[in-house]
Amino acid sequence: MKLMSKEKIALFTIFGGTGDLARRKLYPSLFNLYRKGYLQDHFAVIGTARRPWTDEHYHEVIADSLADLDVDDALVQKFASHFYYQSHDVTDVQHYITLKKLSQKLDDQYGLQGNRIFYLAMAPNFFGTIASHLRSENILTPNGFNRVIIEKPFGRDYATAKELNDQLSATFNENQIYRIDHYLGKEMIQNIPAMRFGNQILEALWNHDYIDNVQITLSEKLGVEERAVYYDNSGALRDMVQNHILQILSLLTMEQPANFDEDGVNAEKVKVLESLHQYTSDEVSTNFVRGQYGATDTVTGYRQEDKIEPDSTMDSFVAGKIMIDNERWSGVPFYVRTGKRLKDKFTRIDVVFKQPLTNIFQNLSAENQLATNVLTINVEPEAGFDLQMTGKQVGQGFATMPVNLHYQHDAQELADSPEAYERLLHDILNGDATNFTHWHQVAASWKFVDVIQKYWDEHQPEFPNYAPGSMGPQAADDLLTRDDRQWVYKD
Ligand code: NAD
């Protein structure tokens with residue numbers, strides 16, 4: 001049979017096939033790839049977990065996970081027929097032997113050409129065990145590709161990340177490891193290189209001569225929800241800054257890669273992440289702020305949440321000022337903040353440009369102010385950008401006013417475009433790791449974050465210190481007012 005060129009061929013083995021991530025993200029994403037023709041006849045999925053499910057029950061779970069997608073039942077059944085369930089304790093060697101046999105059988109049945117994708121949708125403490133068994137039981141194939149997908153968190157500091165990476169590296173080469181950071185699958189995050197390197201008018205100004213400061217805000221409205229146990233052992237700094245925020249920052253600040261591909265982007269991201277100014281302990285106390293939300297009559301405080309320690313000192317909010325020690329960014333602060341139970345759920349980047357050196361219109365009227373040029377990249381919920389400029393008021397005389405250039409992606413087009421996990425799975429099928437986090441990026445990010453975390457571990461915070469529905473503690477605003485600046489997005 002002649003294959004359509006867009007069809008990808010692979011056996012997915014999902015460790016943690018009964019879990020939340022698999023049901024909410026992976027099965028719907030695989031289904032979307034299926035209905036778009038990227039997966040057709042030559043794919044199969046083995047779901048593994050400890051529960052003793054049958055294939056029939058597994059197919060019902062797959063169908064349930066697609067209930068929100070308006071789809072034809074017959075297509076769902078056809079898709080689900082590619083799924084096989086194997087009860088598997090990842091610590092039991094015997095189970096890998098059964099897994100290997102099933103993999104080979106499915107490879108023959110579906111013509112999978114030895115292509116393997118291993119998705120580790122499980123707690124990270126199992127990653128090393130799974131990787132070493134995949135090697136010792138010879139589950140990797142010699143003929144096709146072998147790729148492993150790792151979820152966050154990748155360690156909880158540099159030392160544990162390195163240990164995990166060493167374990168994975170004993171089985172997989174770096175170019176076979178896909179570390180997921182789902183922010184890198186978001187439309188407007190992927191738009192950053194297009195905006196920067198596709199527009200001379202921006203790239204020419206993209207440096208310390210013209211940019212005053214940059215602000216990155218990842219704001220969440222919900223509390224810890226069902227991730228309480230994990231979160232109370234992690235906190236906002238480790239959960240959001242080490243990965244998502246530093247990844248966004250690296251895309252905003254890296255030099256132009258020789259080519260827009262995996263090697264080019266990785267090399268430039270590593271360089272800039274290794275140039276982050278490393279704080280001393282004293283500098284941490286003035287440049288990083290942590291917070292934890294309290295309670296109100298209607299909202300439960302962090303310490304009262306289910307499965308959170310009543311005296312927890314974990315940060316549910318972090319704000320910081322990051323400096324980059326290189327020529328382009330010398331003296332430009334990058335203010336970042338993220339937290340739970342904030343005013344709203346959104347992600348935005350504000351690039352604040354410097355003011356013109358003179359205002360020639362003020363001799364006409366003292367009210368003729370110049371607007372600060374701010375490029376806002378709206379990542380979510382709206383996706384697009386705004387550019388604030390100075391213009392002239394319509395009419396007689398000469399009066400200035402701020403004007404806003406606004407671009408927003410079409411909501412329907414956006415709704416029809418792939419969700420982050422679908423994009424990233426598609427990239428993995430193509431063997432393209434441009435939108436994934438490479439080890440040296442992870443290492444540099446942890447080294448930066450470890451200094452802050454260490455200082456915090458050694459100093460007790462006074463928590464709670466911010467109200468649910470606010471934009472965090474007062475100290476997060478002070479971080480900017482101290483520098484005669486303010487957050488572009490305020491409460
Ligand atoms: P989960 O607890 O819902 O699922 C864990 C899975 O592991 C289940 O299928 C469980 O049966 C299986 N499992 C546990 N112990 C096992 C063992 N000894 N042998 C075999 N199977 C075993 O977790 P989740 O929310 O799906 O998260 C999975 C991974 O993805 C974690 O690393 C998590 O940090 C990461 N992650 C999840 C989300 C999310 O939205 N759920 C988001 C980001 C990252």
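**Figure 1. Helices α7 and α10 pack at an angle of about 15° in this predicted model.** The two partners are α7, residues 187–197, and α10, residues 235–253, and their axes lie 9 Å apart. Angles under 35 degrees count as roughly parallel, and α7 and α10 are therefore roughly parallel to each other. Their crossing is right-handed. On the α7 side, the contact is made by Ile189, Ile192, Pro193 and Arg196, and α10 brings Ile248, Leu251, Leu252 and Thr253 to it. Sorted by type, the residues of this contact are 6 nonpolar, 1 polar and 1 charged.

**Figure 2. Helix α10 also packs with helix α15, here at an angle of about 140°.** Helix α15 covers residues 439–458, and the axes of α10 and α15 are 10 Å apart. That angle makes α10 oblique to α15. The crossing of this pair is right-handed. From α10, look for Leu237, Arg238, Val241, Gln242, Leu246 and Gln247 in the contact. From α15, the contact residues are Gln441, Val442, Ser445, Trp446, Phe448, Val449, Ile452, Gln453 and Trp456. By type, the contact of α10 with α15 holds 9 nonpolar, 5 polar and 1 charged residues.

**Figure 3. Helix α5 has several buried residues, and Asn138 follows just after the helix.** Which residues of α5 (residues 127–136) are buried? They are Phe127, Gly128, Ile130, Ala131, His133 and Leu134. Their cover includes the strands β1 (10–15), β4 (116–120) and β5 (146–150), together with the helices α4 (93–110) and α6 (158–169). Asn138, in the loop between α5 and β5, takes a positive phi of about 50°.

Figure 4. Is Thr217 buried or exposed? Its relative accessibility is 1%, so Thr217 counts as buried. Leaving aside residues up to four places away in sequence, Thr217 touches Arg337, Phe346, Thr347, Arg348, Met471 and Trp487.

**Figure 5. Ala295 lies in the loop between β8 and β9.** This loop runs between β8 (288–291) and β9 (317–322). Ala295 has 51% relative accessibility and therefore counts as exposed. Beyond residues up to four places away in sequence, Ala295 touches Thr300, Gly301 and Gln304.

Figure 6. A cis peptide bond joins Lys152 and Pro153, with omega at about 5°. With a relative accessible area of 40%, Glu225 is partly exposed.

How values were computed:
Residues numbered from 1 in each chain as written. Predicted model: local features only at pLDDT ≥ 70, side-chain atom pairs only at ≥ 80, totals over all residues. Heavy atoms only, no water. Axes fitted to C-alpha atoms, helices over the stretch in contact; angles between N-to-C directions. Helix = DSSP H or I, 4+ residues; strand = E, 2+ residues; numbered from the N terminus. Parallel < 35°, antiparallel > 145°, perpendicular 65-115°, else oblique. Left-handed = near helix turned anticlockwise from the far one by under 90°. Contact = heavy atoms within 4.5 Å. Nonpolar A, V, L, I, M, F, W, Y, C, P; charged D, E, K, R; others polar. Buried < 20%, exposed > 50% of the residue type's maximum accessible area, 1.4 Å probe, protein only.
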